[in-house]
Amino acid sequence: MKLIEKRVVLHFPGFEPLDGLAHRARYERSARQSAAVWNYSVEIGVPEAGSDPISFMVTTAARAAGEATPGAEPGPSGWQTKSRIHLVDHDGFVRRLRGGNTLSQIIAGFRSCAQIMLEGGVRGYFRHAWRFGLFFLFPFLLTALAIALTVQIALMPYSLGFSLWHMLWSGPLALCFFAFVFLPFSERFHTLHLFADWGMAVALGRMDRAEFNDWLEERATAVRQAFTEEADEYVISSHSMGSSVAAHVIGVLLEREPEIFRGKRVVFATLGSAILQCALLSSASLLRARVGLIARCPEIFWLDVQCLTDSINFYKVPVVAVSGHADAPPAKILLIRVKQMLTSEHYRKIRKDQLRVHRQYVLGPDLKAPFDFTLMTSGPMPASVFASQEQNKLPA
């Protein structure tokens, strides 16, 4: 197997309030964890001046003699890999969707909920991945219950047969309950952030917001340059909501230039993918068509990384077929377990936090495991080796 000496990576992060610099800092932390676990060296470069999206170099190599991590097994020798990472974040839209006062965010969230229900999204979620359906319903049911309790508190004098003048104290009490009890409690579950997430899901499905559409076209133009650089391998990785963004952007490139990847080795890696979060909406015909373009591109190897203990992905669901392309080559599904990547103590701390479990795809490991985000995007082995759980992730 020929080792990778030079790689180009386009990474599309998930729906998080982090800009490109913050995602780069996370990548560096994760890479250093991975290097300590697998016993190799890593060097993270500074962001390139004026790069858009933010780009930086990552150099991984076998540790020289005497550089082994204390207590670690000797690492492999004789290899070095340089990877140029382009971080295609969508922080601007995250901030825009999280903008406005609390009331406007709640109204926008329930509007997105209604749109998804009317477009058959919820029916599709429960049909293909019932846990994802529960993930969808949770923030809306929680907020609806809080609103009902708030109204009950406000109407308490009437319920008890008191004069309506008593609402002069029950009304403010109800508002205090909602603002100072429910909202801080709901932040433990990132409720308003999830409301915004569903707003973006609707936008990426319907493609009816000019600012989103123009941004996707602009990102496609911006990342086109990355494929002019000579490399042994091109990895397009995406996490969660970023997978829908990636599908649109790569789909735009294929629409413009059907032969853009000719002669290139390309891996499209979707991690905890939420493509079907958007693609199951009845209006998402353009997204589904772009999924088909990617699946049918002969130069692209699609690796769909899924996890049983992550409720925010479509576990064991064939994304290409469900998107309406049963006749196209399917994505290769890799099933991973978060508990294999972390120590038992670390896993116990995070296992009840579903959003934290969902982020583990792109975070550093405590232990050697069949999947490692840093090695897939910066290691010496071709990214396609991660399709096999048995394959070693470093050269012998």
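Met207 turns out to be buried, because its relative accessible area is 16% and buried means under 20%, with exposed meaning over 50% and partly exposed in between (1.4 Å probe, protein chains only). This residue is found in the loop between α8 and α9 (210-224), where helices (H or I, at least four residues) and strands (E, at least two) are DSSP runs numbered from the N terminus. Phi of Met207 is near 55°, a positive value in a residue other than glycine. The model is a predicted one, in which local features need pLDDT of at least 70 and side-chain atom pairs count only at pLDDT 80 or more, while totals for chains, interfaces and linings use all residues. Residues are numbered from 1 along each chain as its sequence is written, and side-chain values use heavy atoms, with hydrogens and water left out.

Lys316 also has a positive phi, about 60°, although it is not a glycine. It sits in the loop between β7 and α13 (319-322). Lys316 counts as exposed because its relative accessible area is 53%. Another backbone detail is the cis peptide bond joining Asp52 and Pro53, with omega at about 5°. Pro53 belongs to the loop between β2 (40-44) and β3.

Strand β3 covers residues 54-62 and includes Thr59. With a relative accessibility of 14%, Thr59 counts as buried. Setting aside neighbours within four places in sequence, Thr59 is in contact (heavy atoms within 4.5 Å) with Ser41, Val42, Glu43, Gln80, Thr81 and Lys82.

Next come the helices. In α4 (residues 121-128), the buried residues are Gly121, Val122, Gly124 and Tyr125. Seen down the axis of α4, they fall within an arc of 160°, so they line one face of the helix; the arc is that of the directions from the helix axis to the C-beta atoms. On the other side of α4, Arg123 and Arg127 are exposed. The buried residues of α4 pack against α3 (102-118), α5 (130-154), α8 (191-206) and α11 (275-279).

An unreviewed UniProt entry lists residues 132-155 and 167-185 under "transmembrane region"; the positions follow the numbering used here, feature names are shortened, and annotations may be inferred rather than shown by experiment. In the model, residues 132-155 are 96% helix and 0% strand, with the end C-alpha atoms 35 Å apart. For residues 167-185 the figures are 100% helix and 0% strand, and the end C-alpha atoms are 25 Å apart.

A cavity is a set of points, on a 1 Å grid over the protein atoms alone, where a 1.4 Å probe fits but cannot get out, and lining residues have an atom within 4 Å of a point. The largest cavity has a volume of about 80 Å³, a volume being the space filled by probe spheres set on the points, which are joined across faces, edges and corners. Helix α1 (residues 20-38) gives the most to its lining, with 3 residues. Among the residues lining the largest cavity are His11, Glu16, Arg26, His239 and Phe373.

The second largest cavity has a volume of about 60 Å³. Its lining includes Gly272, Ile275, Leu276, Asp304, Gln306 and Val319. The elements that give two or more residues to this lining are α11 and β7 (300-307).

Technical notes
1 Å grid on protein atoms, 1.4 Å probe; cavity = no way out; pocket = protein on both sides within 12 Å on 5 of 7 lines; lining within 4 Å.
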